[in-house]
Amino acid sequence: MRLKLPAIQHWSCHSCSGCCRQHLIEVTDAERERIAGLAWSAEDGLPAEGPLVVPFAGPPWKRRYRLAHQSDGACVFLDEKGLCRIHAKFGEAAKPLACRVYPYAFHPAGKEITVSLRFSCPSVVADRGLLLTDARSDVRRVAEEVVPQKTVTMPPPAVHRRQRVEWPDFLRFVDALDATLAADDGSAIAVRLLRALFWIDLVDQSRFEQIAGSRLRDFLSLIVQAARDEAPADLSTLDEPTRTGRLYFRMHAAQYARRDTAADLDAGLLKRWRLLRAAIRFARGRGEAPPLHPAFQPVPFDRLEQPFGGVPDEADEILTRYFRVKVQGLHFCGPAYYEVPLVEGFRSLALVYPVVIFLARWLAAGAGRATLTTADVSQALAVADHHHGYSAALGHRTARRRVRGMAAQGDIPRLCGWYSR
Ligand code: SF4
């Protein structure tokens, strides 16, 4: 198995236990039996009562199971020091596969498997640990357990609706996106996203039956250069987002501002009622933004629309790395992102920029500050990326229609400019 690893990213687990507190860990039947067979004693500190594995979905003849959780949503196996009891007593290999895979994400890319990471992990955001290219054998061991062999024959995602190309050409689009985001010309990531959005719009209007191989390479270099010349370098010259664009954006941002843990599955009607009320308030955009995550304080929506003095340089570098890792790892379209084509997937990915800054402003305003810190942006990114490609709501046709609506009105670049202030 040939792995394509992001050479710009470091990661090692620093045992923060964040993933064990917010993820639902689904287990296979074999894992369920294996976990049931582990020999625990009273000294191990597991709850004296209650199951270790519980059903959570599926019909009676095809039940799906997950690890049980504690009252705060943390995994039942997480101890009071934030360590995994299975790992401590039986070794890493005894843990469910889902725990060992996180925060990696693997996607087929022709004859290779690309590796991306989930920025919901704070060590990924902070770029802490081993350079991934130096951890190749460890990553391969995990990949071999989760990536089915048949993925090497999987076709690439569509480029846009009803337009498909072969893998070599598909990867030419991906390389051009990465090169646009990597431009080392002193511009902010928001400017580079605008350039990429500019030429992605041209791709959306083009057909590629006659443009392949070296002709596609020439076409891409032409439109990438046109984007450099034509897309605004000064974001203050952009129009404000439209009224509808702002409404769609708030609804979209609300999906990223949630904190859903395994405990929420049991919260039932009350939780759903709270979410519905919050959605109505986000749609109105008046009064106080209702916190959907314990990190946020109630602050007026108006405050989040005021300039916050721009994005710190260090945070801009983190966001650049984020977008490049997602693009290189194909973590924005196809099977990694609700099976959407490349064009729609990239627009959804670009929207993560205003979402993250919106959430970072919320954190800063909640702490009584009028400027953003790198820590605000890092934390906002970890909150947002927990959902990107993983929350069912973002793959729902309503959310996809919103993204298409924002793109059709030209609001995605405007939102990037608006929140970069
Ligand atoms: S089994 Fe261990 S690693 Fe997996 S979520 Fe539970 S505590 Fe965390």
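This text walks through a predicted model, from the whole chain to a few local features. Residues are numbered from 1 along each chain as its sequence is written, and side-chain values use heavy atoms, without hydrogens or water. Local features need pLDDT of at least 70 and side-chain atom pairs count only at pLDDT 80 or more, while totals for chains, interfaces and linings use all residues.

Start with the chain. It holds 19 helices and ten strands; these are DSSP runs, helices being H or I of at least four residues and strands E of at least two, numbered from the N terminus. The radius of gyration is 22 Å, close to the 22 Å that the globule rule gives for 421 residues, so the chain is as compact as a globular protein of that length. That radius is taken over C-alpha atoms, and the rule is 2.2 Å times the number of residues to the power 0.38. Of the 421 residues, 52% count as buried. Buried means under 20% relative accessible area, exposed over 50%, and partly exposed in between (1.4 Å probe, protein chains only).

Now take helix H6, residues 136-146. Its buried residues are Val139, Val142 and Ala143. Seen down the axis of H6, they fall within an arc of 100°, so they line one face of the helix. The arc is that of the directions from the helix axis to the C-beta atoms. An α-helix has 3.6 residues a turn, so residues three or four places apart point the same way. The cover over the buried residues of H6 includes strand S1 (2-4), helix H4 (97-101), strand S6 (104-109) and strand S7 (112-117). Serine 137 also lies in H6, but is partly exposed at 46% relative accessible area.

The loop between H4 and S6 holds proline 103. The peptide bond from tyrosine 102 to proline 103 is cis, with omega near 5°. Both residues touch arginine 118, whose contacts (heavy atoms within 4.5 Å) beyond four places in sequence also include Lys326, His331 and Asp385. Arginine 118 sits between S7 and helix H5 (122-125). Arginine 118 is buried yet has no salt bridge, meaning a side-chain nitrogen of Lys or Arg within 4 Å of a carboxyl oxygen of Asp or Glu. The nearest side chain of opposite charge, aspartate 385, is 5.4 Å away.

Two backbone angles remain. Most residues other than glycine have a negative phi. Serine 17 has a positive phi of about 70° and is buried at 6%. Leucine 330 has a positive phi of about 55° and is buried at 4%.

Conventions
Lys, Arg positive; Asp, Glu negative; His and termini not counted.
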